[in-house]
Amino acid sequence: MSEYFDVAERLIEHVYTLDYDDLDSRTATSLKTFILDSLGVGICGSRVPFSAILTHLNQQWGSGQDAQVLCTGEWLPAAAAAMVNAWQIHNQEFDCVHEPAVVHPMAVILASLLAFAQRQGNVDGRSFMTAVSAAVDVATLLGSASRSPLRFFRPAICGALGAVLGMAKLAQLDKEAMRNALGIAYSSVSGTMQAHIEGTPMLAMQVAVNARNAVMAVDMAAAGMIAPKDVLEGPFGFFSLIEPEADIASILSRLGHEAQINLVSHKPFPTGRACHGGLDAMQQLQQEHNFTAGDVVSGQLYAPPLILRLIGRPPEDNMSTSYARLCFAYSAATLLVDGDVRVSCYDDDKLHDPVRLKLARCFSVIDDGNPDPNAMTPQKLCLKLIDGRELNCFLPATLGSPDSPLSREQHLNKFRRCCNDGIQPLPAATIEQLIEATDTLEQLPDITTLITLSTQKHFSTGAE
């Protein structure tokens, strides 16, 4: 790099010195909101069949009773629990996203910090909230600095780099050990956009692998492992190999000025965030003009190039679930046919529905020429109806973003649906207890309460 900033030192200093009293009320509310949201989508993610297989594989790879899997409650070693829970949080594309960074921060961060805290024990709510906030700052500021299109899978990689410092804070490591933990994590990060292009579930597994590696990195640093130090700006560091066109100075100019959790967006629908703009616009047009699926002749979504890259793929007769979640045309047709987009809309019976597949082929995504390779908005949806009407909706901000946030009622409705859509629904009383516990998170003496309430059986030890 032409100019050396030692971003790693500044990020570590920020994480090391951040205190709960530094979090304003808006930040505390955002943390509670997205911790609860992520628990919900993690519970819901247990419905994906490979979740049980992944848990079984981790049991084969090593036994332990450090931490629990969301919804099902199985006990695993901490790194293994982080892996399964990160998979469950991200496997239905339902987890929150920091749009400027194009990073899903809570998948890696919450999964690994939950497992680490449960194993450590007696991590109070204030400490946990502070560590999560610090970790999100690191992950999203690294992602936001990028000025190039996605090549590596940024949510997994940046999530791991943030998570490792969050866990190091929980472990009260000194700054030298934190730097080693960051170096170990960087040395083991992984993930490319190839899984996204091909629409395979390995996309979410990349998040899972990085959550596991983040826990292991902190354990190794605590045990004295020495790692490379210049892993962000060095000749083979993050800003040389992974994000070579980054504006590094922008990280330092924003660090500590606003908690990045406040810039995170909800996902109202279980599909790639890139689909949400078009779906939001569709709902707005339907509410205003009162048309049905049978009225639509064609639809074009004019959007930044990133949107085309991520969800502009054509619908196919034998789409996989992972492919369909990242196909705007299929999701748009599903919204019209079903009146909503729920997790069940990507089940096999829907994926082979000839009615929605025929309608899906009427939609396309068109590059609007936006020069920002990481922009997600603005977008414009244009529909042609069978009666000759042409409808247009310009969307400067997408539903769920800080500029168009979900109401608390919408947020809690999503959470309750997620808890009911897991492999085994949580009892209604437990769901309300989990909401209350998160609302008063700063008062919890041990955040293990969140985990036990997030399981179908309330285990307090390794035995039933």
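User: What share of the contacts in the protein with a separation of 6 or more comes from residues 24 or more positions apart?
Analyst: This is a predicted model, in which local features need pLDDT of at least 70 and side-chain atom pairs count only at pLDDT 80 or more, while totals for chains, interfaces and linings use all residues. Residues are numbered from 1 along each chain as its sequence is written, and side-chain values use heavy atoms, with hydrogens and water left out. A contact means heavy atoms within 4.5 Å, and among the contacts with a separation of 6 or more, the share from residues 24 or more positions apart is 76%.

User: What percentage of the residues of the protein count as buried?
Analyst: Buried means under 20% relative accessible area, exposed over 50%, and partly exposed in between, using a 1.4 Å probe and protein chains only. By that criterion, the buried share of the 464 residues is 61%.

User: Is Ser133 buried or exposed?
Analyst: Ser133 has its place in helix α6, which covers residues 125-144. Leaving aside residues up to four places away in sequence, Ser133 touches Leu18, Leu23, Thr27, Leu31 and Ala259. Because its relative accessibility is 1%, Ser133 counts as buried.

User: How far apart are the end C-alpha atoms of helix α20?
Analyst: Helices are DSSP runs (H or I, at least four residues), numbered from the N terminus, and the expected span of a helix is 1.5 Å times one less than its number of residues. For the 12 residues of α20 (residues 428-439) the span should therefore be 16 Å, and this agrees with the distance between the end C-alpha atoms, which is 17 Å.

User: Within what arc do the buried residues of α20 fall, seen down its axis?
Analyst: The buried residues of α20 are Thr430, Ile431, Leu434, Ile435, Ala437 and Thr438. They line one face of the helix, because the arc within which they fall is 165°, where the arc is that of the directions from the helix axis to the C-beta atoms.

User: Which helices do the buried residues of α20 pack against?
Analyst: On the other side of α20, Ala428, Ala429 and Glu436 are exposed. The buried residues of α20, by contrast, pack against α2 (25-44), α19 (408-420) and α21 (448-453).

User: How many disulfides does the structure hold?
Analyst: A disulfide is a pair of cysteine sulfur atoms within 2.5 Å, and the structure holds zero disulfides. For Cys362, the nearest cysteine sulfur, that of Cys327, is 13 Å away; for Cys393, the nearest, that of Cys382, is 9.5 Å away.

Methods: Helix = DSSP H or I, 4+ residues; strand = E, 2+ residues; numbered from the N terminus.
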